[in-house]
Amino acid sequence: MKYITQHSHGLSKNQKWVIASTSSGFALENMDVLFLSFAMSSMIADLHLSGGAAGLISSITNLGMLVGGICFGILGDKIGRVKTFSHTVLIFALATGLMAFANNIYEIYALRFLTGIGAGGEYGVGIALIAENFESGRIGKMTSIAAVGGQIGAIFAALIAAWIIPTAGWHTLFLVGIVPVILTVFIRRHLHESDQFLQAKKDEKGSLLRDVIKKMFSTPRLAFQSLGLMVMMTVQIAGYFGLMNWLPTIVQKQLNLNVSSSSIWMISTIVGMSIGMMTFGNIFDHFGPRRAFAIFLIGSAVMVYVLSLAQNMATLLIIGAVMGFFSNGMFGGYGAVISRLYPTEIRSSANNIIVNIGRAIGGFSSVVIGILMDHYNLTVVMGFLSALYIISFIVMMSLPGLKELSHND
C-alpha cells in the first residue's frame, strides 16, 4: 500500500541541480502567465478589448503550448531532456520580452502563441528529468516541489506587477520576462542525461512517433487511460487559468480593490497552493494517487463555489488560500502519474501531449468565463468551475491504471 521505498533522504549533486533547474524553469514560466493576468485589465482598457477577445489571449497561448508540447516532447525523447529543456526556456523568455513592444491585439496573439510553444515544451521535459533521477516513491513529492517553484514565480509576478504597472505600464512589465535566458546557461552547464534515458535510447527501435501512438492509444485500455488523463488535465487547467487570469479582475470589481490589493489576495491564494502541493505530494507517495486526487478534487469543487460568498477582504484572503490549497495543490501529481504509467522512451512525449491537450482545451475556460462575466454574476461562474471538478473526480475514479498504482506499490 505504501509508496515509500528504502532510500537515503539526502540528494546527490545532480538531483539538486535537476530540482533547482526544473523549479526555476517552472517559476519563470508561471511568472509569465501571471504577468498576463495582472496586465489584463490594463490591456483591456488600453486596447479597448471585449471580454471574449481578452480571454482569447490565454486560449491562444495554450494552443501554442499544445504545438510546443507535442514537438518538444518528441524532441526531448529523441535528442535528450537537457538540450530540449534549455531550448524551450529560451523561446518563451524571448517571446515574453517582445510583448513589451506589442501595440495591437494581433501582435499580442502572435507573441503569446510563440510564448506557448516554448512554455508547452518545458513541462514534460522537466517532469521526465525528475522521474528519471529519483526513486518512484519520491516522484510525487519531487514533482510537487518543482510545482511549488511555479508558485514562487507567481508570487514574484504579483509583487513585480503591483510595482511596475501603476508607474510604468503593462508594456514594461513584460520586459522582465527576458530573465529566464540566464537560466539556460546554468542548465546546459550543470545538467546531464540520466542513465535511464541513455539506456532507453540504446534500445530504441523504429519511429519514435509511431512508438508514442502505440504506447498511448493502441488498445482500448490505453486509449481510455490517455483520454481520461487529458480530461482531468483539461479541468485542472480550466480551473487554474480561469481563476488566475480572471479573478484579479473580478476581485477588483466586486470589492472595489486596486491592483496592489488584488495582488495581496493573489499572494494569499498562491501560498495556499504551495502548501497544498507539498501536502498532496506526501499523500500521493504514502497512500497512492487515487486517494490524493479524490481529496483534492472534492475539496476544489466545494471551495471554488464558496469563494463566491466572500464579502470583504478578510474572508477573501482566507477562502482564497484554502481554495488554492485544493485547486492547484494537485498539479504536480499529473506529471508523477503520467511518468509512472508510461515507459521511459515516450515519457517526455506522453507528459507533454496529455498536459498540453488539457491546456489547449482547458485554456478556453478564459473565453467562457469572460462571456459568463458579461452576462451573469460570480455565483454562476464559480458554479461552472465547481461542476468541472466533479466531472474530473468521476473520470479519475474510473481509470484502471490509477487503481493498479495504488495496489501495486
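The following legends describe an overall view and several close-up views of one predicted protein model.

In this predicted model, local features need pLDDT of at least 70 and side-chain atom pairs count only at pLDDT 80 or more, while totals for chains, interfaces and linings use all residues. Residues are numbered from 1 along each chain as its sequence is written, and side-chain values use heavy atoms, with hydrogens and water left out.

**Figure 1. Overall fold of the protein.** The protein has 18 helices and 0 strands; these are DSSP runs numbered from the N terminus, with helices being H or I of at least four residues and strands E of at least two. Its radius of gyration, 20 Å, is close to the 22 Å of the globule rule for 409 residues, so the protein is as compact as a globular protein of that length. The radius is taken over C-alpha atoms, and the rule is 2.2 Å times the number of residues to the power 0.38. Of the 409 residues, 60% count as buried (under 20% relative accessible area, with a 1.4 Å probe and protein chains only).

Figure 2. A search of the whole structure finds 12 aromatic pairs, meaning rings of Phe, Tyr and Trp (its six-membered ring) with centres within 6.5 Å. Phe 35 and Phe 174 form one that is edge-to-face (planes over 60 degrees apart), at 6.3 Å centre to centre and 85° between the planes. The pair links distant parts of the chain, with Phe 35 in helix α1 (residues 13–47) and Phe 174 in helix α6 (residues 170–175), 139 residues apart. Both Phe 35 and Phe 174 are buried.

**Figure 3. A cluster of aromatic rings.** Ring pairs join Phe 280, Phe 284, Phe 293, Phe 296, Phe 325, Phe 326 and Tyr 334 into a cluster. Phe 326 is buried, with a relative accessible area of 19%.

**Figure 4. Phe 293 in the nonpolar core.** The largest nonpolar core has 115 residues, and Phe 293 is among those with the most contacts inside it. Such a core is a set of buried Ala, Val, Leu, Ile, Met, Phe, Trp, Tyr and Cys residues joined through side-chain atoms within 4.5 Å. Leaving aside residues up to four places away in sequence, Phe 293 touches several residues, including Met 232, Gly 333 and Met 396 (contact means heavy atoms within 4.5 Å).

**Figure 5. The surroundings of Gly 320.** Gly 320 lies in helix α13 (residues 313–327) and is buried, with a relative accessible area of 0%. Beyond residues up to four places away in sequence, Gly 320 touches Trp 265, Thr 269 and Leu 307.

Methods. Phe/Tyr/Trp six-rings, centres within 6.5 Å; stacked < 30°, edge-to-face > 60°. Buried < 20%, exposed > 50% of the residue type's maximum accessible area, 1.4 Å probe, protein only.
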